[in-house]
Amino acid sequence: MQNSKNKKTVLYLTYDGLLDPLGESQILPYLLGSLKRTDQLTIISFEKRHNFKLAQNNLYKKLDSLDITWIPLVFSQRYGSLGKIWDLIKLFVVCTKHSLYHKPMIVHARGHITVLIGCCIKLFIGSKLLFDFRGLWVDERVDKGSWDLSLFFHRVQYAIFKYLEKYSLKFADHIVVLTNIIVQEIIKISGQSSNKITVIPCCADYDHFHLISSEDRRSSKTSLNIANAQIVLGYHGSIGTMYRMDRFLKLYEITKKIDYRISALIITRDTDEITSLVADLVPISIQKDIHIQSGTRKNMPNLLKAVDISVSFIEPSFARQASSPTKMAESFAMGIPVICNSGVGDIEAQVNNLSGGIVIDSLSDEALDDLSSNLDKIINQGGIRLRRASKEYFDLNIANERYKMIYNDILGAN
């Protein structure tokens, strides 16, 4: 390939795979929206071996038709920290070779792992560095239990990566964060001025997630063997310790006792995990009205059409202030109101400003019990008004425009 000073050449680095659920919902839509307009875009990602075998050809063809170069690397799923170090070495070698030849003007690094390589490339050839700061990754490792700070080795890892986080933030030419509430923390860590930090929350493609009509909801419920009169509490996304599925199932149990019309629809690829949780936590007598579906980006909108209220319970913590749940934007796009808990990113302000549902301060049984008398009120907050009001904040096109503005600002263009 030829390169010239007139070209806007971008190297995009992500440790998450384009073929992962996250890649489908959050990475590819952005790349195909804003970044595909660059003159030369190269993506380097880490793919799970199983996903790569199943879907590589289709994605290769799709990206090739858009003149996007994709360099997939194999994600190390074994050997713990040693596997991650090996991944970092592979990424360093491939990126260095590519950068020395193509000399990208911008390195767009998504997350803490790839930004380390982005810093190296900036040092080597003077590329501009955009740090797409997806959250307080180091502190999230502690939240999830991956690092136990009572262990010496884990404390050393934590200290090293907190230092690298600070260095990367200081060294970046621009930083993208997901929430307004985290901006002051980033300024404190990095010493960067606020005009070098842009907030872009997790957005949804409003052309993919359409407003639900009465007929849509009826048809979707019928296909899932849910009676049209049922009130469906929905959850969609991954299952993990920080996503309080125990509280979601407790909410279902409490409301089911009060109103027999309550059903639950859980859309996730982690079907085995949620099936086990339901068996352990929910009384047998009411398990029949819990519907579990495997969700992909393609079938997600059709499944969500059956949902009356979307629920997102996340364990609050220091790290969670940097989080922006994608599921909330997708729900708003379809006119579905939400039930959330406070202490997570900008959720409380966003839901309240949009009158898009209800935010509870506690996940206690008492707080969940109080919700049971407000379900009809919450449902009435949904519909076309919610979709229209939320679109100016969470539409993917808004995010795409902000990324283009950042690119132009970094390159000194008007």
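Colleague: Which way do H174, I175, V176 and V177 point from strand β6 (residues 174–177), and are they buried or exposed?

Modeller: H174 and V176 point one way, while I175 and V177 point the other way. All are buried, a label that needs under 20% relative accessible area; exposed means over 50%, and partly exposed lies in between (1.4 Å probe, protein chains only). In a regular strand, side chains alternate between the two faces of the sheet. Keep in mind that this is a predicted model: local features need pLDDT of at least 70, side-chain atom pairs count only at pLDDT 80 or more, and totals for chains, interfaces and linings use all residues. Residues are numbered from 1 along each chain as its sequence is written, and side-chain values use heavy atoms, leaving out hydrogens and water.

Colleague: What makes β6 a partner of β5 (residues 128–132)?

Modeller: Three bridges join them, and they run parallel. Pairing takes at least two DSSP bridges between the strands, so β5 and β6 qualify. L130 has H174 of β6 as its bridge partner. Strand β7 (residues 197–199) is also joined to β6 by three bridges, again parallel. There, V176 stands opposite T198.

Colleague: What handedness does the crossover from β6 to β7 have?

Modeller: Right-handed: the chain leaves β6, passes through helix α7 (residues 183–190) and reaches β7. The term applies if, with the strands pointing away from the viewer, the path from the first strand over the helix to the second runs clockwise. Helices here are DSSP runs (H or I, at least four residues), strands likewise (E, at least two), numbered from the N terminus.

Colleague: Why is S310 called buried?

Modeller: Its relative accessibility is 4%, so S310 falls under the cut-off. S310 sits in strand β11 (residues 309–312). Leaving aside residues up to four places away in sequence, S310 touches G234, H236, S331, I336, P337, V338 and I339. Contact means heavy atoms within 4.5 Å.

Colleague: And I85: buried, exposed or partly exposed?

Modeller: I85, in helix α3, is partly exposed, because its relative accessible area is 48%.

Colleague: What makes D205 and R297 a salt bridge?

Modeller: Their closest N and O atoms are 3.6 Å apart. The rule asks for a side-chain nitrogen of Lys or Arg within 4 Å of a carboxyl oxygen of Asp or Glu, so the pair passes. D205 is in the loop between β7 and α8 (214–223), and R297 in the loop between β10 (290–293) and α11 (300–304), 92 residues apart. By this rule the count comes to 24 salt bridges.

Colleague: How do you know that D308 and K221 meet in a salt bridge?

Modeller: The N to O distance is 3.1 Å. D308 lies in the loop between α11 and β11 and K221 in helix α8, so the pair ties together parts 87 residues apart in sequence. D308 is buried, at 10% relative accessible area. K221 is buried too, at 2%.
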